[in-house]
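Work through the exercises below with the model open. Each one has a task and a stepwise solution.

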Amino acid sequence: VGALPADVVMHRRPVGRGYVELCETASAPWPLDAGAPKTVKAHEFHYSSLENLDADVRFAYRVTRGHGIDGRHDGLVWKNVLASYTHLRSVGSCHWANRFIAFVHGVRASRSRPGRKTAAAVTS
């Protein structure tokens, strides 16, 4: 559908299956708490792969165990999307849900600051 700068290819057998360990990169969209471990333990199971990735893509994770998108990376960061084969859990050191909510609140707060033009102000 063109949502991501890549082609999706389906395979007869799983491409990635099992537990994964990821290391967050500087491109991860939701900031870590100070001193929090950058290692994410999770799970993946997928029959598809991404090919012909745009040269400008960034990845949120470096794969240290598992397959991810290309055997070395997962968490495609494109515009305001994080597309990942990894099934994240919000337990242990991976509190992604809380970090995502904090990120959304921060974006919302930055959009409602005085002096900042909103879409409604620009179109009226």
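The model is predicted.

**Exercise 1. The largest cavity**

Task: Sort the lining of the largest cavity by residue class. Then find the elements that each supply at least two of its residues.

Solution: 
- Step 1. The lining of the largest cavity divides into 10 nonpolar, no polar and 2 charged residues.
- Step 2. Select the lining: Glu24, Ala28, Pro29, Trp30, Val40, Ala60, Tyr61, Leu82, Leu88, Cys94, Trp96 and Arg99.
- Step 3. Pick out the charged class, which takes in Asp, Glu, Lys and Arg. In this lining, Glu24 and Arg99 belong to it.
- Step 4. Turn to the elements. β5 (58-65) and α1 each supply at least two residues.
- Step 5. The structure holds 1 cavity of 30 Å³ or more.

**Exercise 2. The largest pocket**

Task: Give the volume of the largest pocket. Which element supplies the largest share of its lining?

Solution: 
- Step 1. The volume is about 200 Å³.
- Step 2. Select the lining: Pro29, Trp30, Arg58, Val77, Lys79, Asn80, Val81, Leu82, Phe100, Phe103 and Val107.
- Step 3. Look for elements with at least two lining residues each: β7 (81-83) and α1 (96-111) qualify.
- Step 4. The largest share comes from α1, with 3 residues.
- Step 5. Sort by class: 8 nonpolar, 1 polar and 2 charged. Arg58 and Lys79 are charged, and Asn80 is polar.

Terms used: Residues numbered from 1 in each chain as written. Predicted model: local features only at pLDDT ≥ 70, side-chain atom pairs only at ≥ 80, totals over all residues. Heavy atoms only, no water. 1 Å grid on protein atoms, 1.4 Å probe; cavity = no way out; pocket = protein on both sides within 12 Å on 5 of 7 lines; lining within 4 Å. Points joined across faces, edges and corners; volume = space filled by probe spheres on them. Helix = DSSP H or I, 4+ residues; strand = E, 2+ residues; numbered from the N terminus.
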